[in-house]
Each structure stands twice: as C-alpha cells, then as structure tokens.
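Take a look at the structure below, then try each task before you read its solution.

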Amino acid sequence: MSDIINWPKLGLRINPFKIVPDKKSRSKLVWAGFLDIKTKFNQILTQSLSDDSSILALIISRYGGGKTHASYFFSFKENLPSVNNKNLNPTQLIVKTPQKGVGAVQELYETIIESIKWKNISNVVQNFLEIEENGLEQLEAWSSSEDIARLIFLLGDENDDIVYEAQTALLGNGSKSSMKTLRIRRAVSSNNDRAEVISILVRLLSLYNNVDSGKRVIIWIDELESLVYYTSKEYRPFSQFLRELFDSSPTFLTLMLNFSFSDPTDSQNIEIVLGKALIDRVKAQIIFDEAEVEEAISYLLEMLDYHRTEEFNREPLYPFNDQSIRLLFAKAPEESGNPLTPRTINKWVLKAIQETQEQNTDNIISEEQIESMDFSAEL
Amino acid sequence: MGNKRLEIFIDTNTFKHLAEVEINRKPSYQKIFEIFNVHTCSAVKKEFGYKAHIRDPRHLILSKKLSGNSAKVLRTRKMKKLETLWLSRFYKKAIENGKDESERNLVCILIELIIERKITRGILVTDDYTARTSFLDAIYKSFMLGEIWNSADLLIHLYLITSSVSYKSMEIALRDLIAIESMSWKKYKRTGDREQDAKIKMIGDYVNRLKEIKILKENYV
C-alpha cells in the first residue's frame with residue numbers, strides 16, 4: 001500500500017481529510033455538513049455580538065467531534081455571523097486547559113495574556129488614555145486594587161522600560177526596586193488579582209480597540225476534560241478563577257468551554273468534573289453526539305465539493321458511490337467500536353482511498369473493496 | 001456480636017495512592033489503620049524504605065508507620081514453594097523480583113493464613129488492574145479467598161462503616177485518588193474511550209455510590 005495519494009487524479013486539489021485542523025491557513029478551514037451544530041454556534045455568537053451581557057457556553061462532544069475545529073473556524077472574522085449587516089471583528093483567543101494542575105491558574109493567565117499579545121495590550125491602553133482624560137481614575141473604579149489599576153495604566157507609558165517592568169509585575173514577578181520605580185506596593189499575586197486583570201483587559205479590548213470589535217472578547221478554552229487529572233487542591237482554585245473571571249466581567253466576555261467526553265449527554269458526570277458553580281453559570285450549551293450516516297454523507301459531499309479541482313466533472317461522491325460510502329459508514333464504526341465523528345470519518349475515508357488507490361486508476365471504490373477492509377484495529 | 005474488623009491486604013501501589021490522599025487532613029491510610037486489620041508483606045515495606053533520599057516524603061512517613069504496629073507485615077516461609085508450585089499455575093509470566101512482587105506475596109500469605117485457619121477470608125486491595133486481570137481474579141475465583149478491591153472501593157467501605165468522615169471530605173478524597181496518574185481507570189474504559197473518558201466515568205460512578213451510602217446513613221436509625 002502506497003501512502004502517497006495522487007489527489008488531482010481523484011479530482012481533488014489537496015487532501016481534504018486532515019486528522020487535526022490546520023489553524024494557520026484560513027483557506028483550509030472549511031465547515032462541512034453538521035448544519036444544526038453550525039446554527040447553534042451562530043446563535044450563541046450572534047447573541048454575543050449583539051448584546052453586551054457576558055455569556056458562558058459549554059460545548060460538549062466526543063473526542064474528535066469537531067470542537068477544536070469549530071473554535072479555529074469561528075476565530076476568523078470572515079466566518080462569524082454578521083450582526084445588523086456588519087462584519088465585526090472581536091478579539092478571539094484560543095487557549096488550552098493546562099495539562100498539569102500545579103500552577104494551572106498562572107499558566108492559563110499567562111497564556112491568555114500572551115494570546116492577546118503585549119503590543120496589542122499597550123496599544124489599547126494608549127487608545128484608552130487618549131480618549132479618557134482621567135484614565136487612571138477610571139481604571140481604579142474598575143479595579144478593587146489601586147496597584148492593579150496603576151500597573152495597567154503604566155502599560156500605556158511612553159517609556160519602554162516602565163512598560164516592561166509593569167508587564168513583569170502583571171505576571172507576578174516584580175522585584176522590590178521595580179515596584180518602587182512603578183510606585184506600587186505589590187505585584188499581581190492572587191487568583192482574584194489575575195481574574196481582575198483579565199477582566200479589565202476584556203473591558204479595554206471591547207471598548208477601546210481601534211477595529212470594530214463588536215464590544216466583545218471571545219475566549220475559547222479547549223480540553224477542559226483535563227480537569228479530571230487535577231486534585232481538589234488544584235481543581236478548586238482553577239474553577240474559582242474561571243468563575244471569578246466570569247463574575248467580574250458581567251459584560252463583553254464570551255467564554256466558550258470545550259469539553260470532550262465519550263458520553264456527551266451524561267450531564268451528571270460532566271457536572272462532577274466541572275463543578276456545580278461553573279455549570280450553574282452556563283447560559284448556552286452545544287452537544288454534538290455521534291453523527292448519523294446521512295449527516296456523515298452530507299459532510300463528506302461538502303468536503304469533497306470544497307476541495308474539487310476546476311476540471312472535475314464526475315459524480316459528487318467520487319471516488320466512492322452511494323452504496324460503497326454507506327457500507328463504509330456502517331462497517332467501520334461496527335468493527336472498530338468507534339462512533340462516526342468528523343475525525344473518524346476523515347480517518348476511514350482516507351484509509352479506504354489509501355488502500356484502493358493502486359487498484360483504482362479511474363474506477364470508483366466498490367462495495368467489495370470496502371467489504372475486504374479491516375477496521376477492527378482502528379483507534 | 002463482637003467488634004469484627006475486616007482483614008485487608010494492601011499492595012505497594014495502593015499504599016502509595018493512599019499516602020497521596022488526605023482524609024480529615026491526615027494521610028488516608030491513618031483511618032484505614034484505625035478501622036481495619038491491615039496486612040501487608042515485607043516486599044511492600046522494603047519498597048517504601050528503598051532509596052529513601054529520593055522518595056516522596058509522604059512515602060517515608062508511611063515507611064515508618066509500616067515499621068511500627070499499624071499494619072501486620074507478614075511473611076511466609078513457604079513463599080518460594082507456594083510461588084513455584086501453586087501460583088505459577090495462574091501467573092503466566094516468569095516469577096521475578098520486583099514484578100508484581102507485592103501482589104504475588106500477598107496472595108501467598110493470604111492463602112496460608114486461610115489454610116491455617118488464622119483468618120477466614122481476606123480483602124486484597126490493589127490498584128494494579130493488569131495484575132488483577134492477569135492472575136489475581138482467577139485465583140480469587142478458584143479458591144473463594146474473599147474479594148479484590150481497589151483503593152476507591154476501600155474508601156467507599158470506610159465511609160459506610162465510620163461516622164468520623166464527612167460526605168464532602170470523602171468525595172474530595174475519592175476525586176483526588178482517581179486524579180492520581182497511576183490510578184487504574186482501565187475497568188471503566190470502553191472501546192473508543194480515552195483515559196480521560198474512563199476517569200470521568202470512574203469519578204461519576206464512585207460519587208454516585210457515595211451518595212447512595214449517604215442516603216442510607218441518613219435513613220438508618
């Protein structure tokens with residue numbers, strides 16, 4: 001079996017069946033099939049962009065169900081729903097739940113700040129200070145700590161050294177001499193401080209960004225099921241941080257929490273892992289369960305169609321036909337014990353193409369060929 | 001009726017896990033020592049004293065406990081004989097030092113205690129699911145030695161028979177126990193599941209069992 005597939009021969013520009021989404025290339029991110037799911041995402045995002053209130057949404061699916069792909073897809077402004085005929089460009093961040101519970105809050109905090117990028121933070125603080133005459137006073141009104149307010153204020157300073165010292169103190173690493181230079185008593189130290197810093201940045205990015213942000217910051221937190229590895233001493237501060245972040249940002253924030261679980265409808269077990277306090281704040285939920293065969297076929301048709309070469313003029317399912325693809329989508333889940341999800345569909349379709357490409361110079365993949373394949377060892 | 005205490009036999013992995021989980025701000029094995037007749041073997045004791053300078057401090061404290069009177073550290077002079085003539089019928093791998101040593105030794109000690117009528121049955125507590133499925137389950141089934149539990153089962157039973165541990169602290173202890181990296185989750189793994197899926201199901205199952213006991217205790221007068 002040769003692994004190199006001649007995609008143009010199959011009427012395809014490139015391999016459409018990637019196992020992990022390509023986040024860097026916009027053109028390769030395509031939403032195929034699963035219209036119900038896309039509609040639910042659009043509803044949540046439309047509500048986010050048309051209303052100031054913060055939203056906590058929980059997205060649950062099996063592993064490989066497409067949550068990460070959805071976050072990459074919607075993180076491009078072209079793919080967001082338009083609101084009042086306007087294409088808005090909110091700040092969107094995609095972060096992963098830290099895999100280790102030790103220091104998880106600090107890790108997530110740093111990841112969020114680094115995803116925003118320091119230069120963007122400085123730019124938005126400078127915009128804010130240009131617009132608001134009493135900037136420092138306003139920041140103090142938003143914060144429960146004068147020191148935190150001052151640190152954020154100093155991020156807009158013209159002196160690069162001051163900005164650098166303020167950034168360091170915001171990460172909790174300020175020395176005594178730098179604190180004296182910055183005229184602050186303490187650096188950011190507690191989880192409440194961290195939640196407050198992010199919450200002020202959310203407000204600034206929503207209201208004082210140059211682009212038409214739709215007054216919104218959307219944070220996608222992936223792989224939240226990793227919390228199962230946290231001990232209670234690690235889990236409690238982490239979930240409290242998420243709660244505090246949400247509670248201290250009553251406006252402008254959308255938190256999209258991605259959770260993989262093989263039984264996505266088992267809300268009781270999901271609540272045990274995430275905690276009641278977090279679940280009680282969930283305003284919207286999207287559950288993707290196992291795909292039906294018809295959904296899988298629609299997905300495949302759209303994937304093939306999107307990646308077709310201009311000169312392609314054969315049947316839409318080529319190199320499959322209706323019978324062989326139905327057989328594949330019945331046989332592979334049964335033999336492997338795995339459900340139909342976008343990831344397994346991609347894997348099985350790719351395997352079928354790989355295993356038959358040398359025999360099929362021009363013909364379609366037949367039912368007999370699918371019947372001869374073994375999916376029992378597929379993970 | 002007298003105050004009967006359950007005879008339990010604990011292997012190395014289980015002790016490690018119990019040392020990493022607290023109940024009422026103390027290592028969970030303290031409560032186990034209080035409530036049960038705890039047996040172990042010299043292989044387990046040796047393991048906790050080995051390379052003391054690089055061990056987790058919690059293991060060193062446990063090592064001292066095992067040197068005291070908290071648990072009965074047993075040995076049998078018939079160990080070699082039992083292992084080669086009897087256990088090898090079930091244990092399909094080569095009998096080597098360090099490989100399933102504590103499980104092998106504990107089951108030999110247990111069979112000797114039962115044959116010599118020192119105890120009637122014993123609960124073997126092990127978190128090594130592979131050792132269970134490869135030979136322990138078969139031995140227990142053939143000789144009716146009692147039952148095999150994991151450390152979460154032990155905590156569940158502890159909650160049933162003691163009033164000094166609250167529901168909340170036991171729930172936290174169970175969650176912490178299942179979060180431990182080496183804690184076996186394989187029993188809960190179905191085809192297509194990842195480790196996280198199995199662990200989530202395991203936590204859910206034990207929390208539900210704990211809730212059932214709480215209801216029972218609330219209604220038990």
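**Exercise 1.** Find what share of the contacts in chain A with a separation of 6 or more comes from residues 24 or more positions apart.

*Solution.* In this predicted model, residues 24 or more positions apart account for 75% of those contacts in chain A. For the setting, chain A has 16 helices and five strands. Its C-alpha atoms fill a box of roughly 75 × 45 × 35 Å along the principal axes. Of the 379 residues in chain A, 43% are buried.

**Exercise 2.** Decide how far α6(B) is enclosed by the rest of the structure.

*Solution.* A residue counts as buried if 20 or more other C-beta atoms lie within 10 Å of its own. Among the buried residues of α6(B) are B:Glu101, B:Arg104, B:Leu106 and B:Leu113. Eleven of the 15 residues are buried, so the helix is largely enclosed. After the helix comes B:Arg117, with a positive phi near 55 degrees.

**Exercise 3.** Describe the side of chain B that touches chain A.

*Solution.* Begin with the count: the contact takes 16 residues from chain B and 16 from chain A. On the chain B side, α9 (167-179) and α10 (195-219) each supply at least two residues. The largest share, eight residues, comes from α10(B). By type, this side divides into five nonpolar, four polar and seven charged residues.

Notes. Residues are numbered from 1 along each chain as its sequence is written. Chains are lettered from A and ligands numbered from 1 in the order in which they are written. This is a predicted model: local features need pLDDT of at least 70, side-chain atom pairs count only at pLDDT 80 or more; totals for chains, interfaces and linings use all residues. A residue is buried if 20 or more other C-beta atoms lie within 10 Å of its own, exposed if 12 or fewer, and partly exposed in between; C-beta atoms are placed from the backbone. Helices (H or I, at least four residues) and strands (E, at least two) are DSSP runs, numbered from the N terminus. Two residues are in contact if their C-beta atoms, placed from the backbone, lie within 7 Å. Ala, Val, Leu, Ile, Met, Phe, Trp, Tyr, Cys and Pro count as nonpolar, Asp, Glu, Lys and Arg as charged, and the others, Gly among them, as polar.
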